[in-house]
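Subject: Structure handover

Hello,

Here is the structure I promised you. Please open it next to this message and follow along.

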Amino acid sequence: MNIQQFYELCLSKKGVTEHFPFDEDTLVFKVGAKMFALSSLTQWEKGEPSVNLKCNPEKAQELRAQYDSIQPGYHMSKIHWNTIAVNKDVSDKLVKQLIDHSYELVFKSLPKKIQNVIISSN
């Protein structure tokens, strides 16, 4: 997976916006003003891409046990976030599934009113 594929996948989801709330390097994707994915642009440029994604706590533990490239979320809640080293032992297909999972977790945590606005937009 390259940065363009990651970027397009995240932005293809309903109600997603991109931000740089921390610095000029950390690209953050939000739905309903809540983060679901973030990544360092510098790390992509260095050929060491990683993404932080929200994850169900039980699933997060399973994934960390199964893959060397999935670690507790860097600078995030270690219970609810994973950092995935992209293009290592995790397939692009799984990375895409984990992005979808993160988006769904955050979307479902939004108030119904906001969910409905997002669903009805576009």
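This is a predicted model: local features need pLDDT of at least 70, side-chain atom pairs count only at pLDDT 80 or more; totals for chains, interfaces and linings use all residues.

**The core**

The largest nonpolar core has 30 residues. Those with the most contacts inside it are Phe 6, Phe 29, Val 31, Phe 36, Ile 84 and Ile 99. Several elements give two or more residues to this core: helix H1 (3-11), strand S2 (26-31), strand S3 (34-40), strand S4 (50-54), helix H3 (57-66) and H4. Which of them gives the largest share? H4 does, with seven residues.

**Helix H4**

H4 covers residues 92-109, which is 18 residues. From its first C-alpha to its last, H4 reaches 26 Å. That is close to the 26 Å expected at 1.5 Å a residue. Its buried residues are Leu 94, Val 95, Leu 98, Ile 99, His 101, Ser 102, Tyr 103, Val 106 and Phe 107.

Look at Ile 99 in particular. Leaving out residues up to four places away in sequence, Ile 99 touches Phe 6, Leu 9, Cys 10, Lys 13, Phe 36 and Leu 53.

**Aromatic pairs**

How many aromatic pairs does a search of the whole structure find? The count is six. A pair of aromatic rings is described by the distance of the centres and the angle of the planes.

Take Phe 6 and Phe 29. Their pair is edge-to-face, at 5.6 Å centre to centre and 80° between the planes. Phe 6 lies in helix H1 and Phe 29 in strand S2, so this pair ties together parts that are 23 residues apart in sequence. Both Phe 6 and Phe 29 are buried.

Phe 29 also pairs with Phe 36. This pair is tilted, with 6.5 Å centre to centre and 45° between the planes. Why does Phe 29 count as buried? Its relative accessible area is 0%, and buried means under 20%. Phe 36 also counts as buried, at 0% relative accessibility.

Ring pairs build a cluster from Phe 6, Tyr 7, Phe 29, Phe 36, Trp 44, Tyr 103 and Phe 107.

**Tyr 7**

Tyr 7 is in helix H1. Its relative accessible area is 25%, so Tyr 7 is partly exposed. Setting aside neighbours within four places in sequence, Tyr 7 is in contact with Glu 18, Leu 27 and Phe 29. Ser 77 is another matter. Tyr 7 and Ser 77 are 70 residues apart along the chain, and their C-alpha atoms are separated by 23 Å.

**Strand S6**

Strand S6 (81-85) is mostly covered, with four of its five residues buried. S6 runs antiparallel to S4, and five bridges join the two. Leu 53 has Asn 82 of S6 as its bridge partner. Leu 53 is also among the residues that Ile 99 touches. S5 and S6 run antiparallel as well, joined by three bridges. Here Gln 71 stands opposite Thr 83 in S6.

**The loops**

Gly 15 lies in the loop between H1 and strand S1 (16-19). With a relative accessible area of 30%, Gly 15 is partly exposed. Its contacts, leaving aside neighbours within four places in sequence, are Lys 30, Val 31, Gly 32 and Ile 118. Gly 15 and Gln 115 are 100 residues apart in sequence, yet 9.0 Å apart in space, C-alpha to C-alpha.

Most residues other than glycine have a negative phi.

- Ala 33 has a positive phi, near 70°. Ala 33 is found in the loop between S2 and S3. Its relative accessibility is 66%, so Ala 33 counts as exposed.
- His 75 has a positive phi too, near 60°. His 75 sits in the loop between strand S5 (70-72) and strand S6. His 75 is exposed, with a relative accessible area of 66%.

Best wishes

Note on methods:
Residues are numbered from 1 along each chain as its sequence is written. Side-chain values use heavy atoms; hydrogens and water are left out. The expected span of a helix is 1.5 Å times one less than its number of residues. Buried means under 20% relative accessible area, exposed over 50%, partly exposed in between (1.4 Å probe, protein chains only). A nonpolar core is a set of buried Ala, Val, Leu, Ile, Met, Phe, Trp, Tyr and Cys residues joined through side-chain atoms within 4.5 Å. Contact means heavy atoms within 4.5 Å. Rings of Phe, Tyr and Trp (its six-membered ring) pair if their centres lie within 6.5 Å; planes under 30 degrees apart count as stacked, over 60 as edge-to-face and the rest as tilted. Two strands pair if DSSP finds at least two bridges between them.
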